[in-house]
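Dear colleague,

I am passing on the structure that we spoke about, and below it I have set out what was found. Please read the notes with the model open beside them.

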Amino acid sequence: MSLKYAVLAALLEGEASGYELSKVFDISFANFWPATPQQLYRELERLAQDGLVEARFVQQERRPNKRMFTLTAAGREDLRAFAAEPPRRPTAIRDELLIKLQAMEDPEATRALIEERVTWARGKLGRYERVRERLLDGRTEDEYLREADRVGPYLTLLAGISFEEEILRWCERVLTVLKQRVAQG
């Protein structure tokens, strides 16, 4: 899959500038499809050239003008067709930490890396929980799922929450094993 479909999916929420889209990616997409602002701007240009999004200029006082992007009918149709296809291949974990763990010789240095991952995962989990609270807006999950126009953003958020919770469980297990190894010798 390319960034193309992630951008089109983000624009389902409505018109957005490139800057606003980068903030959406930081909050809603980072757990499964991270992208830099530069990548997003390049992709928006390609999508506009292909007629999948439409751009309009908005003049602003005391700020640079900005471009606002919306999905076109062709963009919606392309995204709909993509969403109906089965994924090409299952997700594979690509994580530098796992390579370092595989090559581990110093349990103490590895422990520091795992503790850093714990901090990172807790931070992400906290951000995802704040997004969840904003989405629910005082409603129960059942109420939200019954009333929301689109539940996809909530379901992908749940995947991110589950992923970070599992990372934390795994890190705790790794730290236990490393502690045992240091105690043994």
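A residue is called buried here if its relative accessible area is under 20%, exposed if over 50%, and partly exposed in between, with a 1.4 Å probe and protein chains only. Please keep in mind that this is a predicted model, in which local features need pLDDT of at least 70 and side-chain atom pairs count only at pLDDT 80 or more, while totals for chains, interfaces and linings use all residues. Residues are numbered from 1 along each chain as its sequence is written, and side-chain values use heavy atoms, with hydrogens and water left out.

Helices (H or I, at least four residues) and strands (E, at least two) are DSSP runs, numbered from the N terminus. With those terms in place, phenylalanine 25 is found in helix 2, and this residue counts as buried because its relative accessibility is 1%. Contact means heavy atoms within 4.5 Å; leaving aside neighbours within four places in sequence, phenylalanine 25 is in contact with Leu3, Ala6, Val7, Ala10, Ala30, Trp33, Ala35 and Leu40. Phenylalanine 25 and threonine 176 are 151 residues apart in sequence, and their C-alpha atoms are 34 Å apart in space.

Two annotated spans come from UniProt, whose positions are given in the numbering used here, with feature names shortened and with annotations that may be inferred rather than shown by experiment. In an unreviewed entry, UniProt places "domain: Transcription regulator PadR N-terminal" at residues 7–80. Over residues 7–80 the chain is 50% helix and 19% strand, and the end C-alpha atoms are 13 Å apart. For "domain: Transcription regulator PadR C-terminal", also from an unreviewed entry, UniProt lists residues 93–179, a span that is 83% helix and 0% strand, with its end C-alpha atoms 25 Å apart.

Helix 1 is mostly covered, since six of its eight residues are buried, namely Leu3, Tyr5, Ala6, Val7, Leu8 and Ala10. These buried residues of helix 1 pack against helix 2 (18–29), helix 3 (37–49), strand 2, strand 3 and helix 4.

Two packed helices are described by the angle between their axes and the distance between the axes. Axes are lines fitted to C-alpha atoms, for helices over the stretch in contact, and angles run from 0 to 180 degrees between N-to-C directions. On that basis, helix 1 and helix 4 pack at an angle of about 115 degrees, with their axes 10 Å apart. The contact is made by Lys4, Tyr5, Leu8 and Ala9 of helix 1 and by Gly75, Asp78, Leu79 and Phe82 of helix 4. By class, the contact of helix 1 with helix 4 has five nonpolar, one polar and two charged residues, where Ala, Val, Leu, Ile, Met, Phe, Trp, Tyr, Cys and Pro count as nonpolar, Asp, Glu, Lys and Arg as charged, and the others, Gly among them, as polar.

How many aromatic pairs does a search of the whole structure find? The search finds two, where rings of Phe, Tyr and Trp (its six-membered ring) pair if their centres lie within 6.5 Å, and planes under 30 degrees apart count as stacked, over 60 as edge-to-face and the rest as tilted. The rings of tyrosine 5 and phenylalanine 82 have their centres 4.0 Å apart and their planes at 5 degrees, so this pair is stacked. Because tyrosine 5 lies in helix 1 (residues 3–10) and phenylalanine 82 in helix 4 (residues 73–84), the pair ties together parts that are 77 residues apart in sequence. Tyrosine 5 counts as buried at 16% relative accessibility, whereas phenylalanine 82, with a relative accessible area of 25%, is partly exposed.

The rings of tyrosine 144 and tyrosine 154 have their centres 5.1 Å apart and their planes at 45 degrees, so this pair is tilted. Tyrosine 144 is in helix 7 and tyrosine 154 in helix 8 (residues 152–184), 10 residues apart. Tyrosine 144 is buried, with a relative accessible area of 6%, and tyrosine 154 counts as buried at 0%.

Finally, two residues other than glycine have a positive phi: arginine 62, near 60 degrees, and aspartate 137, near 50 degrees. Arginine 62 is in the loop between strand 2 (53–58) and strand 3 (66–71) and is exposed, with a relative accessible area of 85%. Aspartate 137 is in the loop between helix 6 (107–136) and helix 7 (141–147), and at 60% relative accessibility aspartate 137 counts as exposed.

With best wishes
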